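Please examine the sequence together with the three-dimensional model. The paragraphs below are intended to be read with both in view.

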Amino acid sequence: MSEQKIIAVVGATGSQGGGLVRAILDDPDGGYAVRALTRDVTSAKAQELVKLGAEVVQADNYDEQSLTAAFTGAYGAYLVTDFWAHMSAEKELQEATNLVNAA
């Protein structure tokens, strides 16, 4: 089989991103690998993803440089913001802008 295409998943330790990570990893013949983006690569949830076979990298939605590095070499990306963490439309717009610019 040829090299798997990388899908970078923002919010990989959360409900939405985590579900996608597991779906990709549950299909080893699907042709895709996961690069899980998280603020804390040492967290229990991040380490669980490592055990499942994901590449886990540090990135923060407010740090465009970290996002750009995390997206480098990826075939595709799943982008999600975390409105409920701050309940601010302004902060969510900044997250979305950084994600799109980096991708």
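The following account moves from the chain as a whole to individual residues.

This is a predicted model, in which local features need pLDDT of at least 70 and side-chain atom pairs count only at pLDDT 80 or more, while totals for chains, interfaces and linings use all residues. Residues are numbered from 1 along each chain as its sequence is written, and side-chain values use heavy atoms, with hydrogens and water left out.

The chain contains five helices and four strands. Here helices (H or I, at least four residues) and strands (E, at least two) are DSSP runs, numbered from the N terminus. Their order along the sequence is β-α-β-α-β-α-β-α-α. An unreviewed UniProt entry lists residues 4–103 as "domain: NmrA-like"; UniProt positions are given in the numbering used here, feature names are shortened, and such annotations may be inferred rather than shown by experiment.

The overall dimensions come next. Along the principal axes, the C-alpha atoms of the chain fill a box of roughly 45 × 25 × 20 Å. The chain has a radius of gyration of 13 Å, which agrees with the value near 13 Å for a compact globule of 103 residues. This radius is taken over C-alpha atoms, and the globule rule is 2.2 Å times the number of residues to the power 0.38.

How much of the chain is buried? Buried residues make up 33% of the 103 residues, where buried means under 20% relative accessible area, exposed means over 50%, and partly exposed lies in between (1.4 Å probe, protein chains only). The chain exposes about 6200 Å², and carbon and sulfur atoms supply 52% of this area. Accessible areas come from the Shrake-Rupley method with a 1.4 Å probe; for residues, only the protein chains shown count as cover. Contacts (heavy atoms within 4.5 Å) also describe the fold: of those with a separation of 6 or more, 59% are between residues 24 or more positions apart.

Two buried residues in helices may now be located. Val-21 lies in helix 1, which covers residues 15–25, and Val-21 counts as buried because its relative accessibility is 0%. Leaving out residues up to four places away in sequence, Val-21 touches Val-9, Ala-12, Val-34, Leu-49 and Ala-54. The C-alpha atom of Val-21 is 9.6 Å from that of Gly-11, ten residues apart along the chain.

Ala-46 belongs to helix 2. With a relative accessible area of 0%, Ala-46 is buried. Beyond its neighbours within four places in sequence, Ala-46 is in contact with Thr-13, Thr-38, Asp-40, Val-41 and Val-56.

Gly-53 is in the loop between helix 2 (44–52) and strand 3 (55–58), and Gly-53 is exposed because its relative accessible area is 52%. Gly-53 and Thr-97 are 44 residues apart along the chain, and their C-alpha atoms are separated by 29 Å.

Ala-74 is found in the loop between helix 3 (64–71) and strand 4 (76–78). Is Ala-74 buried, partly exposed or exposed? Ala-74 counts as partly exposed, because its relative accessibility is 25%. Not counting residues up to four places away in sequence, Ala-74 touches Ile-6, Ala-8 and Arg-35.

Met-87 occupies the loop between helix 4 (83–86) and helix 5 (89–102). Met-87 is exposed, with a relative accessible area of 53%. The phi angle of Met-87 is near 55°, a positive value in a residue other than glycine. Most residues other than glycine have a negative phi.
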